[in-house]
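Here is a short note for a colleague who is new to this model. Please keep the structure open while going through the points.

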Amino acid sequence: MDAATLTYDTLGFGEFADFPETSEPVWILGKEFNALTEKDDILSDVTSRLWFTYRKNFPPIGGTGPTSDTGWGCMLRCGQMILGEALVCRHLGRDWRWVRGQPQRGQYISILNAFLDKKDSYYSLHQIAQMGVGEGKSIGQWYGPNTVAQVLKKLTVFDSWSRLAVHVAMDNTVVMEEIKRLCMPWLDYGGAACAEPPGWIHNGCLEGACALAEEETALWKPLVLLIPLRLGLSDINKAYIETLKQCFQLPQSLGVIGGKPNSAHYFIGYVGEELIYLDPHTTQPAIEPCEDSQVPDDTYHCQHPPCRMHICEIDPSVAVGFFCRTEDDFDDWCMRIRQLSHTRGSLPMFELVDCQPSHFACSVDVLNFTPDFSDRSERFFDSEDEEFEILSL
């Protein structure tokens, strides 16, 4: 038996005894719960999140590469989880619940198929690992939050079913104008910026970033906003703790990917001073669809009390995620973020601006998948991966 498998296999699906008996509110991805009276609801909500863990015995990556991601794929799996949550919100809604053994909707099966560990699934480990080569990461190398965010942005271009607009906000700055152009592409139809990425052959079909004939009548391409941040040097700056916690209260929250040094987790909420998270560090066998195209899905849902850790233990290198289905959702998110920026005793984690600040070295095209960081005068390199500008007090 794999050592990693021992992490959870001995835990049963029983009482929520592991969860604190507290009157403090429990926040999970924009939903508030009472730990004293809503334990079943909390567990149901956590169990309904897609849980992607290490897998073994899948087809070799690239034909000759690894057949397991144990020991190196934890951040890739966290990237799958935060994007999986976006797809659930996109196709099923935030209030959708998974119930063990019950027949599932076709949209759910399609989402799950997109993450199976095989080369032709949109968001498989194979696709993420191979796309990461373009970000300077060899297959089997550990990722950080920024790298996985950039790779997910690239991969969603080819998902014509979901038609997500993914924006990775760099330099601690969210530019509203850039996002509106990305989510409402017809605004630039009169200029050169309206050029679409070329189509791509996948499973015998020509697919591209968007089908213009259909998109012309759409009001808004659903937004996945990922914001890589460095919230301190070796430890999180305590001035950011309240702001980070408040992000989980926003109805647009997709959670946070981060963790401890070289050990990634998907954070979905908090209670008191503890973060609630899903841990990918469990090795399970790779899954194949059944003959009727159904996917055995028990192992894709965490059926035990959620993991918790003190917020001060989190590594300062994180990526915060949000999902805005409509333009109204995005406008509401902007309003809430501006309100949070005035919270006494806390420090904003990023800046929200209407237009690109003049101090930016150059305009970052929303269709440019690999922004050039070579002109930055201030950088921070963590031990493995990321380049960040340190937020100053």
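How do H2 and H5 lie to each other: roughly parallel or oblique? This is a predicted model, in which local features need pLDDT of at least 70, side-chain atom pairs count only at pLDDT 80 or more, and totals for chains, interfaces and linings use all residues. Residues are numbered from 1 along each chain as its sequence is written, and side-chain values use heavy atoms, with hydrogens and water left out.

1. **H2 and H5.** The axes of helix H2 (residues 74-91) and H5 cross at roughly 50° and come within 10 Å. H2 and H5 are therefore oblique to each other. (Angles under 35 degrees count as roughly parallel, over 145 as roughly antiparallel, 65 to 115 as roughly perpendicular and the rest as oblique.) H2 passes H5 in a right-handed crossing. H2 brings Met75, Leu76, Gly79, Ile82 and Leu83 to the contact, and H5 brings Pro145, Val148, Leu152 and Thr156 (contact means heavy atoms within 4.5 Å). By class, seven residues of the contact of H2 with H5 are nonpolar, two are polar and none is charged.

2. Gly144 sits in the loop between helix H4 (125-131) and helix H5 (145-156). Gly144 counts as buried because its relative accessibility is 0%. (Buried means under 20% relative accessible area, exposed over 50%, partly exposed in between, with a 1.4 Å probe and protein chains only.) Gly258 is 114 residues from Gly144 in sequence, yet their C-alpha atoms are 7.9 Å apart.

3. **H6 and its cover.** H6 is mostly covered, with six of its eight residues buried. They are Met176, Glu178, Ile179, Lys180, Leu182 and Cys183. The cover includes strand E4 (165-168), strand E5 (173-175), strand E8 (223-230), H9 and E15.

4. **H6 against H9.** The axes of helix H6 (residues 176-183) and helix H9 (residues 327-340) come within 12 Å and cross at roughly 165°. H6 and H9 are therefore roughly antiparallel to each other. The crossing of H6 with H9 is right-handed. Met176, Ile179 and Lys180 of H6 meet Glu327, Phe330, Asp331, Cys334 and Arg338 of H9. The residues of this contact divide into four nonpolar, four charged and no polar.

5. Thr343 lies in the loop between H9 and strand E15 (351-353). Thr343 counts as partly exposed because its relative accessibility is 24%. Thr343 and Thr243 are 100 residues apart in sequence, and 8.2 Å apart in space, C-alpha to C-alpha.

Conventions:
Axes fitted to C-alpha atoms, helices over the stretch in contact; angles between N-to-C directions. Helix = DSSP H or I, 4+ residues; strand = E, 2+ residues; numbered from the N terminus. Left-handed = near helix turned anticlockwise from the far one by under 90°. Nonpolar A, V, L, I, M, F, W, Y, C, P; charged D, E, K, R; others polar.
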